[in-house]
Structures are given as structure tokens and as C-alpha cells.
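Hi,

Here is the structure I said I would pass on. Have a look at it first, and then read on for what turned up.

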Amino acid sequence: MFKEINVKDIKENAVDLLDSQWGLVTAGDKDGLNTMTVSWGALGELWGLDMVTIYIRPQRYTVKFLEEQDYFTLSFYPSDMKKIHAVCGSKSGRDTDKIKECNLTPVFDENAPYFNEAKLVLICRKVAKGKFESGQFIDKTIIGSQYPTEDFHFIYYGAVEKVLIKEK
């Protein structure tokens, strides 16, 4: 069971959640969904809203679902479930049923799907999208190290509308 909390009551360090623990971004509906591992992102305030940003390369299958839907989830898992990040970060939902392979249980009682195994879920309404371009980089070494084929990330901005934590 999950309970709703205020985003300001998240006890975990947001930087640690994304950088070290990683999360899953999930979009879709009962007719089709996809999830993928994310470690690049941010949680904070923008435009007077509690906001997350996630960074997704354009060739990722999840982009299709993010483009079709108004909502997505960002979810985090107990440390003993680290295997899901290896699977969801290295395999494409075009070719593999990652949800089945990771034994995840989709939940559809919100505006976007998430998984029952999560310890923390952010339900996010898409409010803006951007894309990095080569001319935006002041430090040009980032292009060579992160974008050798210039497949610059899309930036999705999501207003955090609900936060769910797993009850113990």
C-alpha cells in the first residue's frame, strides 16, 4: 500500500536518489507502456511549481510514450532491486518485455503507470519539453564525452502533482 505525502516531506536526498539509486521513468496506459532507467534528472522548484526534469535521448523507445501522454512517473526502488536498473537501462522495450523480466507489477490508479514494488513514486504532469543543442554548451568537452554522435537529450519538465511512498 502507498500513502500520499507532500513533495516537501520526501526524506531522501534527491541528488542521491537520481545519482546513486537511480529511478525508473514510466509513461503509457493500460494499452501500452514503457519504462527506462534514469540517473540524470533534478527535483526542485520552477515556475512556481514543484518540478522534476528528466533527460532522455531521442532514440529511446520511452520517448514515444512520453510524447503520447500528458503524465509520467518517476519511481525509486529498494536497494535490493538494483537489477531492474541494469535491465531497464540496457534493454529496449521494443525488443524485450522489461516489466516481465524484472517481475514488476504495473499499477494504473493514477494518471500514469508506476510499479507496486517502488518505495517512492512521483506522479508528474508534463509541462514543457526542450532539447540540448551543440550551441548551448559553454563547456564543449561535454559534447565530445557525452554526445559523440550528437544525439542530444530531450529535457522533459514535469510538475509533481502527487508523491506516493510505500507504507511499511
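A quick word on naming before we start: helices and strands are DSSP runs, numbered from the N terminus. Bear in mind too that this is a predicted model.

Let's begin with helix α1, which covers residues 14-21. At its N-terminal end sits N13, which caps the helix: one of its side-chain oxygens is 2.8 Å from the backbone nitrogen of V15.

Which residues of α1 are buried? They are L17, L18 and Q21. These residues span an arc of only 120 degrees around the axis, so they sit on the same side of α1. The general rule behind this is that an α-helix has 3.6 residues a turn, so residues three or four places apart point the same way. V15 and D19, on the other side of α1, are exposed. As for partners, the buried residues pack against β2 (23-29), β3 (32-38), β4 (41-46), β6 (71-76), α3 (83-90) and β9 (120-131).

Back to W22 for a moment. You'll find it in the loop between α1 and β2, partly exposed at a relative accessible area of 32%. K82 lies over the face of W22, 4.8 Å from the ring centre. Another residue with a positive phi is W47, at about 55 degrees, and it is not a glycine either. W47 belongs to the loop between β4 and β5 (49-56), and with 55% relative accessibility it counts as exposed.

Now the aromatics: searching the whole structure gives 9 aromatic pairs. One of them is Y55 with F132, whose ring centres are 6.0 Å apart and whose planes meet at 15 degrees, so this pair is stacked. It links distant parts of the chain, with Y55 in strand β5 and F132 in the loop between β9 and α5 (141-146), 77 residues apart. F154 and Y156 make an edge-to-face pair, at 6.2 Å centre to centre and 65 degrees between the planes. Both F154 and Y156 are buried, whereas Y55 is partly exposed, at 21%, and F132 is partly exposed as well, at 23%. There is also an aromatic cluster, made up of Y55, F132, F137, Y147 and F152.

D109 is exposed, with a relative accessible area of 54%, and its side chain makes a polar contact with that of Y114 at 2.9 Å.

Cheers

Terms used
Residues are numbered from 1 along each chain as its sequence is written. This is a predicted model: local features need pLDDT of at least 70, side-chain atom pairs count only at pLDDT 80 or more; totals for chains, interfaces and linings use all residues. Side-chain values use heavy atoms; hydrogens and water are left out. Buried means under 20% relative accessible area, exposed over 50%, partly exposed in between (1.4 Å probe, protein chains only). Helices (H or I, at least four residues) and strands (E, at least two) are DSSP runs, numbered from the N terminus. The arc is that of the directions from the helix axis to the C-beta atoms. Contact means heavy atoms within 4.5 Å. A polar contact is a pair of N or O atoms within 3.5 Å; within protein, one must be able to donate a hydrogen and the other to accept it, and residues adjacent in sequence count only if both atoms are side-chain atoms. Rings of Phe, Tyr and Trp (its six-membered ring) pair if their centres lie within 6.5 Å; planes under 30 degrees apart count as stacked, over 60 as edge-to-face and the rest as tilted. A charge sits over a ring if NZ of Lys or CZ of Arg is within 6 Å of the ring centre and within 35 degrees of the ring normal.
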